[in-house]
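The points are grouped by topic and may be followed with the structure in view.

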Protein chains: 2
Amino acid sequence: MKTRLTEALGITCPVIQAPMAFAAGGALASAVSNAGGLGMIGGAYGDAGWIDQQFGIAGGARVGCGLITWKLAEQPQLLDQVLERSPAALFLSFGNPAPFAPAIRDAGVPLICQVQTLRDAQQALDCGADIIVAQGADAGGHGESRGTFALVPEVADEIARQNSEALLCAAGGITDGRGLAAALMLGADGAVIGTRFWASREALVHPRILDRALSATGDSTVRTRVVDVVRGFDWPGRYNGRVLRNPFIQKWHGSEDTLKLEAGAEAARWAAAQEAGDPDVATVFVGEGIGLISSAPPAGSILENLTAVAQRCLTRAASITVC
Amino acid sequence: MKTRLTEALGITCPVIQAPMAFAAGGALASAVSNAGGLGMIGGAYGDAGWIDQQFGIAGGARVGCGLITWKLAEQPQLLDQVLERSPAALFLSFGNPAPFAPAIRDAGVPLICQVQTLRDAQQALDCGADIIVAQGADAGGHGESRGTFALVPEVADEIARQNSEALLCAAGGITDGRGLAAALMLGADGAVIGTRFWASREALVHPRILDRALSATGDSTVRTRVVDVVRGFDWPGRYNGRVLRNPFIQKWHGSEDTLKLEAGAEAARWAAAQEAGDPDVATVFVGEGIGLISSAPPAGSILENLTAVAQRCLTRAASITVC
């Protein structure tokens, strides 16, 4: 497939794998890149040792790295360490990218900014982002409330007004070839895909957690702050995270203030469940697209299938029009 | 344009205008139908006199009618009154359609069921709906939390499993030709479009309310229960409504329990503002697509433009694939 994104990044399928915290290591990132997309190491909260290790596992494959912007601001020296690994792109999410943009640009590394609102997109364009990722609430993991469907074309129009050189990816709910084709129709140059790669052979996901997710429908997820409260992560108030509902989430969602008071015991219980892969208590970060997923094949075959379906959808599209 | 929906309904553009309460009268419905889509009278809470009047205004144009299902259940005799007007379709939303499906089928009227979850879709298929509308949270007015992007293909797959004769429309955030093209890629046979027609010359919207909406971005809306609390509408707890944020919503969103206590005075203030079209207090029911809308032309020209853009997107789609 050929879009402005494939041409800019030198890839053959307009798909960037989301840099999912903890789940997206070097094995997943390299598998996606080797199959024609752009793989991303989920640098997330900025554990420099882990990031180094994952670049090592990627074994020289051309992969990028994602970082959580508000967390990077607490340890800005991490940026140079990551840039030294010559990532194929740097992917910043959740916070103001402006302080970091100049160093990324100077290193000649493409800057990808993930945004959740039109206002964020304007800020990212102002600081010279090469690629804007318009992420809708449909996504798994952290995000905000705007839906993918109307956010993407609105950001596309803003890009056209402000800097038509910038590229656009859609994110949130894009799980198969139909979703990729739809994202392109909405005005995106490609898609960022998380949940579909989270459920792959290479992702770093506990098998019991994975099994629970594979049997879920898209009705089973919820956006909540419970997870960040129990693990004591100091996320800015505007963000929450989409997870699978389970007894732990059911117990605490809507009662986060009480959870704070009981955080000690509950945190220990949660951490043990996380370690053991107990899906009734541990967190299952997936998007609404989980309802379209029932197996966890290798990432390369996921991308191959997704591309084939997208091509079929796009090829048939013209037959819908009657001139 | 030609899809299974256009063939089933005898229309030339695969667009159904959402039966928006209070805003969608006979003038809007007939304008949409006369331009090649399917127009709908927003029968909503079931004011039989108003519905009759709007069918009169539609002047014999082939239009359908929408009703709120849980409200219809309180006055089931309304169904026969509406069926006597030989609507082009009956559009049920928010509640269990099963008790009403047999009479609609017996009348030979196509049954459209709007759903917000996969589970709702299964229920609608079980009762023999001809058209399922998968409505995402991106929509204006009442709805639920699932996003349009992943809900539509998941419902498409369920239809394929359960009754492949049933048709599927996407709803929520679809505002222009890009959105219609994307909906078709996701597996829908057409789209239900609200907000774009709400902002049309024929919609029954106060000009001051309309002006406020036309200057808003998609970042400016929120899903809330404030409106139903202040007007004392007894909506089932799973639903809320997307509206434009204004000082009244800012004041009460998240404090609905307090609002209930003060409902008398606030209800009077809200009702007066509604009458006067005061956009700081009155309710502006719009979806996230409002950010793509900056004028209110005649509905016929909206549909014409939307179709032209969708055709352009779909025609170009094949060029993205590289065989």
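A residue is called buried when its relative accessible area is under 20%, and exposed when that area is over 50%. The structure discussed here is a predicted model.

**How the two chains are related**

- Two copies of a chain are related by a rotation about an axis and a shift along it.

**Aromatic rings**

- Over all chains, the whole structure holds 15 aromatic pairs.
- One of these is formed by B:Tyr45 and B:Trp235, which are arranged edge-to-face, with 6.2 Å from centre to centre and 85 degrees between the planes.
- This pair links distant parts of the chain, as its members are 190 residues apart.
- B:Tyr45 belongs to the loop between β2 (40–44) and α3 (48–58) of chain B, and B:Trp235 to the loop between α12 (226–231) and β11 of chain B.
- Both B:Tyr45 and B:Trp235 are buried.
- In chain A, ring pairs join A:Phe22, A:Tyr45, A:Trp70, A:Phe94, A:Phe233, A:Trp235 and A:Tyr239 into a cluster.

**Helix α9 of chain B**

- Helix α9 of chain B covers residues 177–185, and it is largely enclosed by the rest of the structure, because 9 of its 9 residues are buried.
- The buried residues of this helix include B:Gly177, B:Arg178 and B:Met185.
- After α9(B) comes B:Gly187, which has a positive phi, near 110 degrees.

**An exposed loop residue**

- B:Arg201 is found in the loop between α10 (195–198) and α11 (207–214) of chain B.
- Is B:Arg201 buried or exposed? With a relative accessible area of 64%, B:Arg201 is exposed.
- Leaving aside residues up to four places away in sequence, B:Arg201 touches B:Ala296, B:Pro297 and B:Pro298.
- B:Leu214 is 13 residues from B:Arg201 along the chain, and their C-alpha atoms are separated by 13 Å.

**The largest pocket**

- The largest pocket holds about 1,500 Å³ of space.
- It is lined by 50 residues, and those closest to its centre are A:Ser145, A:Arg223, A:Asn240, B:Arg223 and B:His253.
- Elements of both chains give two or more residues to this lining, among them β10 (221–224) of chain A and α13 (247–252) of chain B.
- The lining of the largest pocket consists of 24 charged, 19 polar and 7 nonpolar residues.

**The cavity**

- The whole structure contains 1 cavity of 30 Å³ or more.
- The largest cavity holds about 80 Å³ of space.
- Of the 14 residues that line the largest cavity, B:Phe94, B:Gly95, B:Pro97, B:Gln114 and B:Val115 lie nearest its centre.
- At least two lining residues come from each of β4 (90–93), β5 (111–115) and α7 (118–126) of chain B.
- The lining of the largest cavity comprises 7 nonpolar, 6 polar and 1 charged residues.

How values were computed:
Residues numbered from 1 in each chain as written. Chains lettered and ligands numbered in written order. Predicted model: local features only at pLDDT ≥ 70, side-chain atom pairs only at ≥ 80, totals over all residues. Heavy atoms only, no water. 1 Å grid on protein atoms, 1.4 Å probe; cavity = no way out; pocket = protein on both sides within 12 Å on 5 of 7 lines; lining within 4 Å. Points joined across faces, edges and corners; volume = space filled by probe spheres on them. Helix = DSSP H or I, 4+ residues; strand = E, 2+ residues; numbered from the N terminus. Nonpolar A, V, L, I, M, F, W, Y, C, P; charged D, E, K, R; others polar. Phe/Tyr/Trp six-rings, centres within 6.5 Å; stacked < 30°, edge-to-face > 60°. Buried < 20%, exposed > 50% of the residue type's maximum accessible area, 1.4 Å probe, protein only. Contact = heavy atoms within 4.5 Å.
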